[in-house]
Amino acid sequence: MFTFMQHCCVFIECYMMMFLYWGISPEIFHIGGFALRYYSVGFMLAFISAYGVLTAVFRRERIAPALLDRLLIYIVAGTLVGARLGHCLFYDFDWYKEHPWEIVLPFRWGADGFHFTGYEGLASHGGAIGILVTAWLFARRYQMSYTWLLDRLAMVVPLAGCFVRIGNFFNSEIIGIPTKLPWAVVFSRVDQQPRHPAQLYEAFCYLLIFVFLWYCYKRNARPGILLGYLLVLVFSARFLIEFVKEDQSAFEHAWLLNMGQLLSIPMIAAGICLLFAGWYRKKTTA
């Protein structure tokens, strides 16, 4: 009986060690100095899916489709500029203060020649700030309710974030800390340690948040409630998942909380304020 239990334990241990080895190239194809990456495809799918959902929303609320096309331009610009500046200022300031041209130029000239690098480094917190700013500019120009607009954008942000995090998974970046859990992934392009697939954790959480926000929208949530839920849920998920992620910059190693967590705290606080304001408005109206 004891021998049988030993064999069972060995079998279970071997099964537990059958981790997924992930070493796929981040490039789908490479032609000359140009390369199409899975991450780029993920970013495109993020905007396409957001556009599709907002099209349904605008149609449901009988708003001219042409307005959505203009909004898309604003939001794409705000997301990219904000995410890029957020990474350069929050995570890699020491490098970019010495190489400021690389903030806007997607190439680098080194000792071995010219390289198209793309924009290596985008921060979700910076993207969130960029969306807030450009949405305000759009609402002001077209005389729309800023709260109404942010509530509609709040629904598609987590869906877009889901695709972006899947792109991070293909890139073997934003990896988790080492673990022996059975669903661990060995990112062989990084090292041979089984790690938390933190990108997939976030992607799954964002997908669930999108479903919840869509449900709230269909239930005619009051102004500010969708944005409040978005800020609380997305950045709470981000705050918690950061505990199983590797720090993105060396300077974070000595900190109790990393940069992603510190930037998430004010977002969560703002979301709580919006939810309380929505609750108070509902109670007052009643």
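Start at serine 172. Serine 172 sits in the loop between helix 6 and strand 6, the strand at 185-187. Serine 172 is not a glycine, yet its phi is positive, near 55°. Buried or exposed, then, for serine 172? Serine 172 counts as buried, at 7% relative accessibility. Keep in mind throughout that this is a predicted model.

Now go to glutamine 143. Glutamine 143 is in the loop between helix 5 and helix 6. Phi is positive for glutamine 143 too, about 55°, although glutamine 143 is not a glycine. Glutamine 143, however, is exposed, with a relative accessible area of 75%. The cut-off for exposed is over 50%, and the cut-off for buried is under 20%. So glutamine 143 at 75% is exposed, and serine 172 at 7% is buried.

Let me step back to the whole chain. How many helices and strands does the protein chain have? It has 9 helices and 7 strands. The chain runs to 286 residues, and 42% of them are buried. Take the contacts between residues at least 6 apart in sequence: 65% of those join residues at least 24 apart. The accessible surface is about 16,300 Å². Carbon and sulfur atoms account for 70% of that surface.

Next, helix packing. Two packed helices are described by the angle between their axes and the distance between the axes.

Pair one is helix 2, residues 38-60, with helix 6, residues 146-171. Their axes are 8 Å apart, and the packing angle is about 155°. That makes helix 2 roughly antiparallel to helix 6. The crossing of helix 2 and helix 6 is right-handed. What kinds of residue make up this contact? By class, there are 19 nonpolar residues, 5 polar and 1 charged.

Pair two is helix 7, residues 198-218, with helix 8, residues 225-241. The axes come within 10 Å and cross at roughly 165°. Helix 7 is therefore roughly antiparallel to helix 8. The crossing of helix 7 with helix 8 is right-handed. Which residues meet here? From helix 7, they include Tyr201, Cys205, Ile209, Phe212 and Leu213. From helix 8, they include Leu226, Leu230, Leu233, Val234 and Ile241. Glu202 in helix 7 and Arg238 in helix 8 are also among the residues of this contact. The class count for helix 7 with helix 8 is 16 nonpolar, no polar and 2 charged.

Helix 2 contributes Val53, Val57 and Arg60. Helix 7 contributes Phe210, Trp214, Tyr217 and Lys218. That contact divides into 5 nonpolar residues, no polar and 2 charged. Tyr217 of helix 7 is in this contact, and Tyr217 also takes part in the contact with helix 8.

Glycine 278 lies in helix 9, residues 259-285. Glycine 278 is buried, at 2% relative accessibility. What does glycine 278 touch, leaving aside its neighbours within four places in sequence? The partners are Arg222 and Ile225. Isoleucine 225 is 53 residues away along the chain from glycine 278, but their C-alpha atoms are separated by 5.8 Å.

Next is alanine 123. Where does alanine 123 lie? Alanine 123 is in the loop between strand 5, 113-116, and helix 5, 124-141. Alanine 123 is buried, with 5% relative accessible area. Glycine 260 is 137 residues from alanine 123 in sequence, and the two are 9.0 Å apart, C-alpha to C-alpha.

Leucine 85 belongs to helix 3, residues 65-90. Leucine 85 is partly exposed, with a relative accessible area of 37%.

That's my tour. Questions, please.

Notes. Residues are numbered from 1 along each chain as its sequence is written. This is a predicted model: local features need pLDDT of at least 70, side-chain atom pairs count only at pLDDT 80 or more; totals for chains, interfaces and linings use all residues. Side-chain values use heavy atoms; hydrogens and water are left out. Helices (H or I, at least four residues) and strands (E, at least two) are DSSP runs, numbered from the N terminus. Buried means under 20% relative accessible area, exposed over 50%, partly exposed in between (1.4 Å probe, protein chains only). Contact means heavy atoms within 4.5 Å. Accessible areas come from the Shrake-Rupley method with a 1.4 Å probe; for residues, only the protein chains shown count as cover. Axes are lines fitted to C-alpha atoms, for helices over the stretch in contact, and angles run from 0 to 180 degrees between N-to-C directions. Angles under 35 degrees count as roughly parallel, over 145 as roughly antiparallel, 65 to 115 as roughly perpendicular and the rest as oblique. A crossing is left-handed if the near helix is turned anticlockwise from the far one by less than a right angle, and right-handed if clockwise. Ala, Val, Leu, Ile, Met, Phe, Trp, Tyr, Cys and Pro count as nonpolar, Asp, Glu, Lys and Arg as charged, and the others, Gly among them, as polar.
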